[in-house]
Amino acid sequence: MKISVIMGIYNCEKTLKESIDSLLNQSYKSFEIILCDDGSKDTTLQIAKDYVKKYPQKIKLIQNETNNGLAYSLNRCIDISKGEYIARMDADDVSYKNRLEKQISYLESHPECALVGSQVFLFNDNGIWGVRKAKSDPLKKDFLFGSQFVHPTIIIKKTILNQIGNYTVSKATLRAEDYDLFMRVYAAGFRGHNLQDVLLNYREDNATFKRRAYNYRLDEAKVRYNGFKKMKLMPLGLLYVLKPLIVGLIPQVLLTLLRHQGLEKNSVDKKTHPTI
């Protein structure tokens, strides 16, 4: 078993099937899927059980007794994983057929690289509306401006994850567990790479923005402070610690409009995007 794909699932009955199917349809076959249900209240758990019943050798399912958040759920998945590499996937995103094949090929041919991500198309219920581009080879200083990897696109070496203590489970990282993780990877002396291929459709809609309450902006400021300190980006980093607090003061409607305008400059024709 080369790769363990880990996924926290919670109240995602409308999107879970498409997400899992996109993994089962991968051109690369040496992987397992580990799902952790985080106390879903809808039919998510039953959908997951149906998949386990149909693919018992491919899919594992564990459950949290109560809702504990994504970081906690992912750590539970990592604990029982058998793969040499850990791949991330969210229950409302869609991986392209060649995603795992391309990423594992890069990691195997670049042993100095700790993790690899990719570019993503942004989509909602109406289809693809934009693209998010990530820097090919991020440096420590790039994290001053924000996370340098799109979380559900990454594959990371399990030994490195274990070395830095996996995901941090805390109130501060509840919405920034990925940002925290990547900064700790870099602080430990490792580096990552983003393939320039689009390998995943990343769901970003109005519900995404509504989840970004101001208290989460405060938490992100704490994550930034701790991460910048570990990466020795202080005192310059103090200026960037304030960014989420300032952004959080912008009215949500205006923030959403500005974000869409910026990303739609790179929008694509639905007819020309790669086959999933």
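Modeller: A residue is called buried when its relative accessible area is under 20%. The model here is predicted, and 51% of the 276 residues of the protein chain count as buried.

Colleague: Why does methionine 7 count as buried?

Modeller: The cut-off is under 20% relative accessible area. Methionine 7 has 0% relative accessibility, so methionine 7 counts as buried.

Colleague: Where does methionine 7 lie, and what is it in contact with?

Modeller: Methionine 7 belongs to strand β1, residues 3-9. Contact requires heavy atoms within 4.5 Å. Leaving aside neighbours within four places in sequence, methionine 7 is in contact with residues including Leu16, Leu23, Ile34, Cys36, Leu74, Arg88 and Asp90.

Colleague: How far apart are methionine 7 and isoleucine 33 in sequence and in space?

Modeller: They are 26 residues apart in sequence, and their C-alpha atoms are 7.7 Å apart. For the protein chain, 81% of the contacts with a separation of 6 or more are between residues 24 or more positions apart.

Colleague: What makes β6 and β7 a pair of strands?

Modeller: Two strands pair if there are at least two bridges between them. Strand β6 (residues 115-124) and strand β7 (residues 127-132) have five bridges, in the antiparallel sense, so by that definition they pair. Leucine 122 stands opposite glycine 130 in β7. With two residues between them, β6 and β7 form a hairpin.

Colleague: How many helices and strands does the protein chain have?

Modeller: The protein chain has eleven helices and nine strands.

Technical notes. Residues are numbered from 1 along each chain as its sequence is written. This is a predicted model: local features need pLDDT of at least 70, side-chain atom pairs count only at pLDDT 80 or more; totals for chains, interfaces and linings use all residues. Side-chain values use heavy atoms; hydrogens and water are left out. Helices (H or I, at least four residues) and strands (E, at least two) are DSSP runs, numbered from the N terminus. Buried means under 20% relative accessible area, exposed over 50%, partly exposed in between (1.4 Å probe, protein chains only).
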